[in-house]
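Subject: Structure for your files

Hello,

Here is the structure I said I would send. My notes on it follow below.

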Number of protein chains: 2
Amino acid sequence: MQAEIITIGDEILIGQIVDTNSAFIGKALNSIGVSVYQITSIQDDKAHLLKAFAEAEKNADIIIITGGLGPTKDDITKHTLAEYFNDTLIQDDAVLKHVEQLFKKYINQPISDVNKKQALVPSKAKVLTNRFGTAPGMWIEKGDKTFISLPGVPYEMKSLIELEVLPKLAEKYKRPFIIHKTLLTYGLGESVVAERIEAIEDGLPKHIKLAYLPALGSVRLRLSGIGEDEAKLEQEIQIEIVKILPLIQDIFVGYQDNTEGLELIISKQLTQKGQTLALAESCTGGKLAEQFTSHSGASAFFKGAIVSYATQTKIDVLELPEDLINRFSVVSSEVAKAMATNVRKKMNSDFAIATTGNAGPTKGDSDAEVGTVFIAIATKNGVEAHEFTMGNHRERVINKTVNKALELLQKEIFKN
Amino acid sequence: MQAEIITIGDEILIGQIVDTNSAFIGKALNSIGVSVYQITSIQDDKAHLLKAFAEAEKNADIIIITGGLGPTKDDITKHTLAEYFNDTLIQDDAVLKHVEQLFKKYINQPISDVNKKQALVPSKAKVLTNRFGTAPGMWIEKGDKTFISLPGVPYEMKSLIELEVLPKLAEKYKRPFIIHKTLLTYGLGESVVAERIEAIEDGLPKHIKLAYLPALGSVRLRLSGIGEDEAKLEQEIQIEIVKILPLIQDIFVGYQDNTEGLELIISKQLTQKGQTLALAESCTGGKLAEQFTSHSGASAFFKGAIVSYATQTKIDVLELPEDLINRFSVVSSEVAKAMATNVRKKMNSDFAIATTGNAGPTKGDSDAEVGTVFIAIATKNGVEAHEFTMGNHRERVINKTVNKALELLQKEIFKN
């Protein structure tokens, strides 16, 4: 069972926005056993849409189209779908009523002429109700193939996928099971990891694939299997994991679902243990806090953060001795340790992380080389700081520091 | 001049990672007058690669391929390129030396057998030196068409695009100019904005397109033009902007380059005026701080943030009276105002933003409904708080709150 995702909109092709919808849809389809053959992002152009529809119909059973459903003139998906299916647009009264209600509720105005057009759908389409917006989802069948058109606004698309598309696909198509298991490792490069487990990789059964996903400081190993018998497939993948684990035990930090980062693994561990965390961030500028709080349930373990970006804030809010900063500079092991110690005490937490460094591209408040970073972890047993050289690319320095801080924290959690 | 971007890797299709490379490449190509016809994401599968290469060669002059260049067995791009061009892989001595040096420098070890393979390239390829990694970029010409293969690791890809690909493309191809101008508006919906400027949209010359990009609380209007004469094109777009501005003056907040957010516009304004900012974040959990500090130069205006996630942290660090919290609850106008006032005082800043609310999905430390958010802005003239209902989707509540906070802050900056 194969799907193709088509995302429509010049804003994707000119790089004005990143297409996050496709990853969400890919993951959702996998969860019900549908593989994604291809993702195709195309321009707001009728001829291009028609060509992409025809191509996708050849490659896939299920074609999911996002974008181009707004009420403005640059949105052409609906008209082009009607043309592709030799169909005409008709008014759907339920959609019209829904749009009228949204207008009444949110801006207390009668529906405008432009928005009335949102109620037009191809006569062959089944409407998928969009609870969060005015553009309806559409489901059009052509023999065994199904075309599904969804709005490009992420939360509207997501709710349609979850509430309408997945249940309907599961009902219509018989599907195999797809299972992904991802092992997260920190500390060694892709090729070194690959050499360690080469023999196992060579002996994998044909329906199980191994992939390496290197990132800053980490490598994820993903085993992906497809099969008719879910329990058997689960077991087959587990057998491979049992072979791999002894070979990577020094670098293995945990399992990961498709998008689960180390911050979520840590969140679960801290919550289970009833322990708490505080942060003092300088060069990471709030990104560590943002990572922890992006997941629900953070209030169970996360006390908070002091983003002491300016040196004066380190003195005024974190209460670092000015003398310490003058002696060692803001980018130093001593300052990192004092930051972690003070924030842990202020917030009365079990663990504290502090980051201070120079993310670049210019030197800022410190004389330290761009890319020099100190990370300190404070626990009830004391505080330790580590120095790193993270290169000279701002975004990379910040992300590497975040990953390294998570890695160091997890090691401490294991110990405590 | 048209390009197609092909991104290779199952991790994209199963939704394990979001493809951010394509947006970067799309924007980079636009900057030298190359339009992107299509972005195609495909599986790690030889037949699929060959098909995608052939299809892209039909559609585009320039084919940029990312991913699948690692040293592990799941990486097949290089071999497939050789097959596509009826070519063989040969060892490139300069690449081998570079990989050896990287190994020596970073892990102080001789190069492994697996990594030696990184030096193999198709004999028809010109090597593009990858300063930051072991996988070389490759440039293969076929008549007027150019295939360019790049590693998928973002910072390696980015440096290759900037240092190698763009200069070489600019040298080889005569290109038109592409100009995008984006007007950022806050406060009205897409259809209402569209109705206001309908007459102007209908009268646009054929080589200038208008697009609407709705997001949470904002609509971006993008004018995109293509032409041979850069100065003339710039002027033509400016003429349209001058017509549009009077119609949106109540909602217009500034211009935006392709990805520039309101936080960057604010950063520039504060830096110019020599004014400073402090944050007290609760429900936004550090995301506001992260947005400001993700751009270089933040130290010019950003004092820092107190992410007072736990109620106790609001008392211990922000020094809010416990009594105030008990009387009004943590999610209240009074608490938001006290947070903003206190952080502004603590960090001695010109402006302060505070956020407190319930991002959901569960209620946390407060009885407030999920989605209820208070945002306060403190200035030298006092403090004001605003209440919002942001819906019941965690990610959306956080992002909407961030956007709303930026919008409110900018209005205050204008006033002060």
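How many salt bridges does the rule count over all chains? The count comes to 37. Please keep in mind that this is a predicted model.

Interface between the chains

Chain B has 94 residues in contact with chain A, and chain A contributes 95 residues to that contact. About 7,600 Å² is buried between the two chains, and carbon and sulfur atoms give 53% of that area. Of the area that chain B buries against chain A, 9% is supplied by Ile14(B), Gln16(B) and Tyr309(B), more than by any other three residues.

The rule finds seven salt bridges across the interface of chain B and chain A. One pairs Lys209(A) with Asp10(B), with the closest N and O atoms 3.0 Å apart. Polar contacts between chain B and chain A come to 44 residue pairs, both residues being at pLDDT 80 or more. On the side of chain B that touches chain A, strand β2 (residues 35-42) of chain B gives the most, with seven residues. Sorted by class, that side of chain B has 33 nonpolar, 33 polar and 28 charged residues.

There is also strand pairing between the chains. Strand β14 (residues 302-307) of chain A pairs with strand β14 (residues 302-307) of chain B in the antiparallel sense, over three bridges. Within this pairing, Ala305(A) has Val307(B) in β14(B) as its bridge partner.

Salt bridges within and between chains

In chain A, Glu55(A) and Lys58(A) form a salt bridge, the closest N and O atoms being 3.5 Å apart. Both residues lie in helix α3 (residues 46-59) of chain A, three residues apart, about one turn of the helix. An α-helix has 3.6 residues a turn, so residues three or four places apart point the same way. Glu55(A) is partly exposed at a relative accessible area of 21%, whereas Lys58(A) counts as exposed at 64%.

A second pair in chain A is Lys181(A) and Glu234(A), whose side chains meet in a salt bridge (3.3 Å, N to O). Because Lys181(A) lies in strand β9 (residues 177-186) of chain A and Glu234(A) in helix α10 (residues 230-244) of chain A, the pair ties together parts that are 53 residues apart in sequence. Lys181(A) is partly exposed, with a relative accessible area of 27%, and Glu234(A) is partly exposed as well, at 32%.

In chain B, Lys232(B) and Glu236(B) form a salt bridge in which the closest N and O atoms are 3.8 Å apart. These two residues are four residues apart in helix α10 (residues 230-244) of chain B, a separation of about one helical turn. Lys232(B) is partly exposed, with a relative accessible area of 48%. Elsewhere, salt bridges that share partners join Lys51(A), Glu55(B) and Lys58(B) into one network.

Helix α4 of chain B

Is helix α4 (residues 77-84) of chain B largely enclosed by the rest of the structure, or open? The helix is largely enclosed, because six of its eight residues are buried. The buried residues are Thr77(B), Lys78(B), Thr80(B), Leu81(B), Ala82(B) and Tyr84(B). Just after α4(B), Asn86(B) takes a positive phi of about 50°.

Strands β6 to β8

In chain B, strand β6 (residues 126-128) and strand β7 (residues 137-142) run antiparallel and are joined by three bridges. Lys126(B) stands opposite Trp139(B) in β7(B). Strand β7(B) is in turn joined by five bridges to strand β8 (residues 145-150) of chain B, again antiparallel. The bridge partner of Ile140(B) in β8(B) is Phe147(B). β7(B) and β8(B) form a hairpin with two residues between them, and Gly143(B) in the turn has a positive phi of about 60°.

In chain A, three bridges join strand β6 (residues 126-128) to strand β7 (residues 137-142), and these strands run antiparallel. Leu128(A) has Gly137(A) in β7(A) as its bridge partner. Five bridges join β7(A) to strand β8 (residues 145-150) of chain A, also in the antiparallel sense. In β8(A), Lys145(A) is the bridge partner of Lys142(A). The hairpin of β7(A) and β8(A) has two residues between the strands, and Gly143(A) there takes a positive phi near 60°.

Regards

Definitions and conventions
Residues are numbered from 1 along each chain as its sequence is written. Chains are lettered from A and ligands numbered from 1 in the order in which they are written. This is a predicted model: local features need pLDDT of at least 70, side-chain atom pairs count only at pLDDT 80 or more; totals for chains, interfaces and linings use all residues. Side-chain values use heavy atoms; hydrogens and water are left out. Contact means heavy atoms within 4.5 Å. Buried area is the accessible area (1.4 Å probe) that two parts lose on being put together, summed over both. A salt bridge is a side-chain nitrogen of Lys or Arg within 4 Å of a carboxyl oxygen of Asp or Glu. A polar contact is a pair of N or O atoms within 3.5 Å; within protein, one must be able to donate a hydrogen and the other to accept it, and residues adjacent in sequence count only if both atoms are side-chain atoms. Ala, Val, Leu, Ile, Met, Phe, Trp, Tyr, Cys and Pro count as nonpolar, Asp, Glu, Lys and Arg as charged, and the others, Gly among them, as polar. Two strands pair if DSSP finds at least two bridges between them. Buried means under 20% relative accessible area, exposed over 50%, partly exposed in between (1.4 Å probe, protein chains only).
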